[in-house]
Protein chains: 2
Amino acid sequence: MPIRIPSRVANIAVAQFDILNSRAAELRAQGRSVISLGQAVPGFGPPKAALDAAAAVLPEHVTHLYSADAGLLELREAVCGYLSSRHAVRATPRDLIITAGGNQAVMLALMTLVDAGDDVLLPAPYFANHEMAIRAVGATPIEIALTEEQGFRLRWDHLASALTARTRAAVICTPSNPTGAIIDPTDATRIVEELARRNIVVISDEAYMDFVYGAPHWSLASLAAWRDNVVLVGTFSKSFGMTGWRVGYMLADAGVTTHAVKVQDAMIICATVIAQRAVGAALRETPDYTSTFLPEFTRRRDVLSGRLARIPRLHWVPASGGFFAFVRVDGCTSSVALASDILERAHVVTIPGATFGKAGEGYLRFSYGTATSDQINEAFDRLEQYFRLRTDSS
Amino acid sequence: MPIRIPSRVANIAVAQFDILNSRAAELRAQGRSVISLGQAVPGFGPPKAALDAAAAVLPEHVTHLYSADAGLLELREAVCGYLSSRHAVRATPRDLIITAGGNQAVMLALMTLVDAGDDVLLPAPYFANHEMAIRAVGATPIEIALTEEQGFRLRWDHLASALTARTRAAVICTPSNPTGAIIDPTDATRIVEELARRNIVVISDEAYMDFVYGAPHWSLASLAAWRDNVVLVGTFSKSFGMTGWRVGYMLADAGVTTHAVKVQDAMIICATVIAQRAVGAALRETPDYTSTFLPEFTRRRDVLSGRLARIPRLHWVPASGGFFAFVRVDGCTSSVALASDILERAHVVTIPGATFGKAGEGYLRFSYGTATSDQINEAFDRLEQYFRLRTDSS
C-alpha cells in the first residue's frame, strides 16, 4: 500500500516552470538552441560586496553556527535602514525575521496567521507559489479575477464581494508577478483599512520592489497604520541577483514576529548564515545595486514591446514593474498547450498564463530578466515565424 | 486590534534554549564567565573540503542561481552513496530532497503527509522542535512517555496503546535528542511493520547518526521494506559542524517526494546552493570526518560521567548516542526553575528536561558537544558547590 498523500497536497499542481525547464534542458542536450523567456530571475549576479564578504567570513567560526532564529541583528538593522531610506517603511529589527527567501516568508506568514479551513483572498493572475503555499497550509485560495482592460488593477470592491466568515488573509503581489501591475496607493490604503477593520491580514509580497520603472516603488508597509494588519514580504533574490543564496524577510509588528519566530525555529531555525552575512555587506555597501541594471532592463522591455507589436495575435499593455510581459494571445484557449508547442517548434521558453490562475488563461508570460536584447530579437524572429504559420487557435 | 494569532501557534512554547541563551549572553556581557553545556551543537567546524569548495565555487554564476527544488543532483547522488556505504540504506536521488537542515525536512514531511487535526505519535522525552512542528501544521502531538528505568527504550506496546483513528504518523529520534538512547532494531522492525499495516508513516530523525559509540548506527531506512512507510531525516549540521549552513535531507519513496517537492517549492524553493556545493565536496572527500572527533567526544563523556557520579542528587545511565547526558535530579519538580537557578548562581547553562515533554520533568540535559574536558571539569566544580549548598528540592 503506497503512503497516503492527503488531497490537500495531492491537489497542488506541479509548477509549469519545472516541466518546461526540464523539457528545455532535454532539447538543449539534443543540441537545440533554446532561448528562455521563462523564469523570473534577473540575469545579473551578486554585487561584489556580497561575494567579497562571503569570502572574508568563510574562515570565521561564527559563520558555521546557527544565527538567532530571526536572523543576524546586523542584517535586520541593515534591512530596516534600507526599508526606511528607500521605501519609507518605519520598523525595528524586532519586527523582522530573516527568511530563506521570499517564499519562505510567505509560508511563514501563512503558517503563523492562517488555519486550515480558512479562506485566503488571492488576486489573480497570481504568483503560482502563493496559491501552492495557501493550499499547503490547508487553507482555501479564493481567486479574485482581475482584468487586463482595467490594467489588472485591484480595487476594494473585488475583495469586498469575496469575503466570507472564514476570510483570514489576502495575499497581494506588487509589482505583480506575472503581470507587472502595481497597486494604486489609494486603492491599497482603502483595502488595508477595510481589511484591518475586519481583522484580516494583508500579506504583501513586494519581491520586485526594486524593479519599478518611471516612479519609485510604493510599499503597503509605508502606510502609517501598517502594523494593524500588513505583513511585508521581501527578498534579495532578485534585487541582488542572489536567488541561490536564499535570503529574504518577513516584516510584521513584533506582536506577530514573537509568534512567527517559533514557527521559524521549527521550520528552518535560521537562514544560511554565510548568505545573511553576504547580503548584509551588500546592503551596507551597495544598496542601489539594482538601479544600475534598470536602464538595460528598460532597453530590453522596449525591444520586447516593439517585437510583440509585430505579431498580430499578441497584445501587451506595458506595466510599470517587474521584468516580464503578460501577453494576451488572440484565440488561445490552452496556454499550457501553446507554451509547450512554442517550445517544441520555436525552441523558446514562455510560461503559460494558466499557471497563474484561471484569470491567466489565454496569456503567456515573457520574462526579460535573463534574455539580452539580441536574444529577445532572436526569440521573436522565431515567434513571428511560428505565429505566421499558425493563424488557427491553439 | 492586534493581529489575531491562532491558538495553534499561540500555544507553541518558546524554546527554552533561546531564553537561557539570551540570559547567558546578558551575564557574559556583565563580565561573568558562563560555561555552556546547553545547545546540542558540536564544537568543531566544517571539514576543509567544504570550505575549500565554497571558496572555489564562489565566483561561479551557477552558485548564485536556484538549484532544482529537490537539490543539486550531484549532492543527492553523494548522499545516496553515503547512506548506502555507511548505513546500508538503498535509495536513489529520486527518493531524496535536500532541505535547509533537519528541521526543514521534518516540517516538509509533516506538511506533506499529515493534515490538521491528525494525531502524531511522539515518544518522549522528545526533541522540542518536533513537538513545535507537529503543532505548527495543526496536528496533535501524542506524547508517549518512555522511562529511564527501561533506558528510554521505545517498544511497539507504547505506540499500540496510543493509536486512534486519526493517527497518521510517528516521529522517532534515534539516537535520541535529548536522551541519547538508540532504538533497538528488533523493536524498530516491529514498529515499522505494525505501523505500515495501518498506513501510518514513521518519520525517523537520525540527525545524530554519526555520533554513536561502540557500535555502528542502525537506520530505520535500512529495513528492506522502508519504502512502505519510513521517511528518513538527516542533516549535515552536526556531522560536518555546519549548523549555520542549513543543509539536510528528507528521504522517502519517490511516490512521496514527487508530492513533497511541491511543498518544498512553496516553502523554500531550494536549499542555499553554495551550502549544497560545500556539503557535496565534503561528502565526496571526507565522508568519515565525524569519526575523527569521536575519541575526543568519548573522553568528554567519560569526564562528564565521572563528575556526575560525585553529585549525589544527579543520576545518569550513559546512553549510546548523541553528545548529551539526560540527567535525573533527585527531588526536582521544576527543571525550568532549576536550570534558571543554576545559570544565575553557578553560571552554567543546562537545558531543563521539561523542554522535552512531560516525561522530561525532573531532568536536566548536559551537552558535551562544545565544552572541552577542562570546561566540563570547571562547570562541575561549580555544580558540586551549587548542589552542596542545596540539599533542598527545587
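Ser176(A) lies in the loop between strand 5 and helix 8 of chain A, where helices (H or I, at least four residues) and strands (E, at least two) are DSSP runs numbered from the N terminus. With a relative accessibility of 8%, Ser176(A) counts as buried, a term that means under 20% relative accessible area, with exposed meaning over 50% and partly exposed in between (1.4 Å probe, protein chains only). Leaving aside residues up to four places away in sequence, Ser176(A) touches Pro125(A), Ala181(A) and Phe324(A); contact means heavy atoms within 4.5 Å. The model is predicted, so that local features need pLDDT of at least 70 and side-chain atom pairs count only at pLDDT 80 or more, whereas totals for chains, interfaces and linings use all residues. Residues are numbered from 1 along each chain as its sequence is written, chains are lettered from A and ligands numbered from 1 in the order in which they are written, and side-chain values use heavy atoms, with hydrogens and water left out.

The loop that holds Ser176(A) also contains Pro178(A), between strand 5 (167-173) and helix 8 (185-197). Asn177(A) and Pro178(A) are joined by a cis peptide bond with omega of about 25°. Pro125(A) is placed in the loop between strand 3 (119-124) and helix 6 (128-136) of chain A.

Leu146(A) belongs to the loop between strand 4 (140-145) and helix 7 (156-160) of chain A, and its relative accessibility of 9% places it among buried residues. Between Leu146(A) and Ala325(A), 179 residues apart in sequence, the C-alpha to C-alpha distance is 16 Å.

The loop between helix 8 and strand 6 (201-205) of chain A contains Asn199(A), a residue other than glycine whose phi is positive, near 60°. Ile200(A) is found in the loop between helix 8 and strand 6 as well, and is buried, with a relative accessible area of 3%. Its contacts, apart from residues up to four places away in sequence, are Leu163(A), Thr167(A), Arg168(A), Ala169(A), Ala170(A), Leu195(A) and Asn229(A). The C-alpha atoms of Ile200(A) and Leu163(A) are separated by 9.9 Å, although the two residues are 37 residues apart along the chain.

In helix 3 (residues 48-57) of chain A, the residues Ala49(A), Ala50(A), Leu51(A), Ala53(A), Ala54(A) and Val57(A) are buried. These buried residues pack against helix 10 (273-285) of chain A. An α-helix has 3.6 residues a turn, so residues three or four places apart point the same way.

In chain B, His347(B) occupies the loop between helix 12 (335-346) and strand 11 (348-349). The phi of His347(B) is near 55°, a positive value in a residue other than glycine, and His347(B) counts as buried at 15% relative accessibility. Thr350(B), in the loop between strand 11 and strand 12 (351-352) of chain B, is buried at 0% relative accessibility. Thr350(B) touches Leu20(B), Leu37(B), Ala339(B), Leu364(B), Arg365(B) and Phe366(B), not counting residues up to four places away in sequence.

Chain A as a whole has 13 helices and 13 strands. Buried residues make up 65% of its 394 residues. The C-alpha trace of chain A spans about 60 × 55 × 55 Å along its principal axes. Among contacts in chain A between residues at least 6 apart in sequence, 76% join residues at least 24 apart.

Finally, the two chains were compared.
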